[in-house]
Amino acid sequence: MANSKYEYVKSFEVEDEIMPPNIIVVRLDGREFRRFSEVHEFEKPNDKKALELMNECAMAVLEQFPDIIFSYGYNDEYSFILKKGTKFYQRRASKILSLIVSFFTSVYVTKWKVLFPQKDLRYAPSFQSRVICCASVEVLQAYLAWRQNECHLNNQFDTCFWQLIKSGKSEKEAEEMLKVEDIVKYKDDGCPVKRPRKKVITVHSENIAARRFWNDQSCLLKELGQFTEDLNRVKPEYLKSFQYESRLMPHTWIVIRIDGCHFHRFSEVHEFEKPNDAHALDLMNSCATSVLEEFKDIVFAYGVSDEYSFVLKKESQLYERHASEIVSAVVSFFSSMYSMKWKEFFPQKEMKFSPYFDGRAVCYPSCQILRDYLSWRQVDCHINNQYNTCFWMLVKSGKSKSEAQNYLKGTQAHEKNELLVQLSGIMDYYNTLPLMFRQGSSVYWDKEMKVVDSKEEGGAGKSRKIAVVKYCNIIENSFWEAHPEILDEKHNCWNIQSCNSKSTQM
């Protein structure tokens with residue numbers, strides 16, 4: 001990381017380590033998968049190929065991350081259980097959930113054609129994920145029993161529902177016929193709350209929360225422990241803990257920063273141009289643009305190399321400000337778009353393995369601190385790009401990588417500029433490089449554009465906003481003065497300054 005006066009913004013990052021001996025479970029769910037299944041005409045109530053695709057993705061996740069020792073899935077959901085003593089990414093919740101959902105999504109896209117050779121993927125699939133902490137193996141047992149019971153209930157209902165539809169009933173009639181009183185949640189004192197709910201019965205299948213199944217698996221016993229008794233009913237307090245999730249601080253700017261995982265290897269395997277591959281950066285920018293179009297609460301994004309920061313407006317209530325839902329949805333959608341758009345930017349290259357990203361959410365309380373965060377990332381872009389440009393010019397001139405590293409050790413910015421002039425023979429060589437390399441990429445909603453109706457001369461036009469990619473200096477005030485609507489400076493920052501002024505007077 002580059003050293004600069006803006007680095008203080010790192011103090012706003014909150015560590016989210018899951019302390020041992022908690023067992024880590026990551027559950028992911030399809031995002032708007034009802035619509036996805038309808039658009040892609042999945043068989044109802046169950047599409048065997050779609051379920052096989054989910055299973056293929058889960059198998060790939062276990063192969064990619066050896067610390068995951070067990071998974072359970074149905075429909076568009078999967079739960080991944082990490083071994084009890086895992087040190088996977090220092091047990092940081094945001095890192096773990098984002099990596100798993102990102103990799104799962106990328107595999108889903110790349111394996112689509114294998115399972116659905118006759119169907120085009122019409123839009124990007126994406127998933128959400130969250131971490132669930134199980135304080136003991138008994139709590140884990142309760143969690144697994146709950147998820148498998150939900151599978152039984154939902155599957156039986158769906159089977160009945162679609163049989164009624166196929167027999168001639170309307171969807172509304174089928175829903176009315178299947179309504180019964182059932183317990184759907186519990187009060188704080190443990191008393192059941194009843195309301196109309198779908199009637200389902202349990203189907204016969206392996207009980208993954210039973211001693212007979214669990215205790216026969218030696219690897220599960222070793223890494224997680226033994227189930228001492230069979231479980232007939234999940235305690236209400238367990239259900240509440242599985243469903244609880246904290247929210248990000250209100251009235252703060254939320255930044256979701258994603259980074260490519262092992263992208264040095266990914267860029268080498270796919271032979272990216274060094275130090276910068278314009279096509280790879282254009283692909284990242286195109287994915288970022290799609291993210292803005294998908295999540296309207298994102299007002300600005302800044303990207304460099306394999307990293308992107310997405311800024312949500314201060315008053316955003318996206319996913320009720322639940323960090324894991326926001327992070328996983330953005331990371332998953334970005335990963336999906338990256339895999340889907342690959343051929344558009346690399347038509348002559350096959351993707352040799354699935355890319356994936358990690359992500360985290362950070363809250364910044366004021367416009368100025370948010371701008372300092374973005375300035376920090378742009379300073380980092382400049383310093384890293386200047387170093388990498390020098391490094392790869394030295395390598396291309398005949399030096400080994402270790403020789404190039406030693407040569408650049410301790411050099412200052414002006415010395416690097418002199419080296420570039422010497423190696424290239426071009427005065428002020430660094431400043432001749434494309435702005436995208438030197439300043440990174442900014443994505444934001446442009447001012448309303450006029451769309452002229454060409455059918456009638458002088459006819460009324462339509463107004464719309466478009467997400468644009470620009471290469472700007474976002475450290476200087478001039479950019480923000482030219483685009484006050486991005487951070488709504490007149491409203492948000494004026495209020496902050498006004499409050500500060502009043503507190504000083506008091």
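This tour moves through the structure stop by stop, stating what to select and what is found there.

The model is predicted, so local features are reported at pLDDT of at least 70 and side-chain atom pairs at 80 or more, while totals for chains, interfaces and linings use all residues. Residues are numbered from 1 along each chain as its sequence is written, and side-chain values use heavy atoms, with hydrogens and water left out.

**Stop 1: a helix and the residue after it**

Select residues 137-166, which form helix H4. Helices here are DSSP runs of H or I with at least four residues, strands are runs of E with at least two, and both are numbered from the N terminus. H4 has 30 residues and spans 43 Å from its first C-alpha to its last, close to the expected 44 Å; the expected span is 1.5 Å times one less than the number of residues. Following H4 is glycine 168, with a positive phi near 115 degrees.

**Stop 2: charges over rings**

Arginine 147 lies over the face of tryptophan 146, 4.4 Å from the ring centre. A charge sits over a ring if NZ of Lys or CZ of Arg is within 6 Å of the ring centre and within 35 degrees of the ring normal. Next, select arginine 377, which lies over the face of tryptophan 376 at 4.3 Å from the ring centre.

**Stop 3: aromatic pairs**

The whole structure holds 58 aromatic pairs. Rings of Phe, Tyr and Trp (its six-membered ring) pair if their centres lie within 6.5 Å; planes under 30 degrees apart are stacked, over 60 edge-to-face, and the rest tilted. Select phenylalanine 391 and tryptophan 392: this pair is edge-to-face, with 5.3 Å between centres and 85 degrees between planes. Are these two residues buried or exposed? Phenylalanine 391 is buried because its relative accessibility is 8%, and tryptophan 392 is buried at 19%. Buried means under 20% relative accessible area, exposed over 50%, and partly exposed in between (1.4 Å probe, protein chains only). Elsewhere, ring pairs link a cluster whose members include Phe33, Tyr78, Trp112 and Phe127.

**Stop 4: the second largest pocket**

The second largest pocket has a volume of about 1,200 Å³. On a 1 Å grid over the protein atoms alone, a pocket is an open set of points where a 1.4 Å probe fits, with protein on both sides within 12 Å along at least five of seven lines; lining residues have an atom within 4 Å of a point. Of its 45 lining residues, the closest to the centre are His264, Val304, Ser305, Asp306 and Asn388. Helix H12 (residues 367-396) gives the most to this lining, with 9 residues. Select histidine 264, which lies in helix H9 (residues 263-269) and is exposed at 68% relative accessible area. Histidine 264 and aspartate 306 are 42 residues apart in sequence and 9.4 Å apart in space, C-alpha to C-alpha.

**Stop 5: backbone exceptions**

Most residues other than glycine have a negative phi, and most peptide bonds are trans. Select lysine 44 and proline 45, joined by a cis peptide bond with omega about 5 degrees; proline 45 is in the loop between helices H1 (33-39) and H2 (48-64). Glutamate 271, in the loop between H9 and H10, has a positive phi of about 55 degrees. Arginine 321 has a positive phi of about 65 degrees and is buried at 3% relative accessibility, whereas glutamate 271 is exposed at 60%.

Note on methods: Grid points are joined across faces, edges and corners, and a volume is the space filled by probe spheres set on the points.
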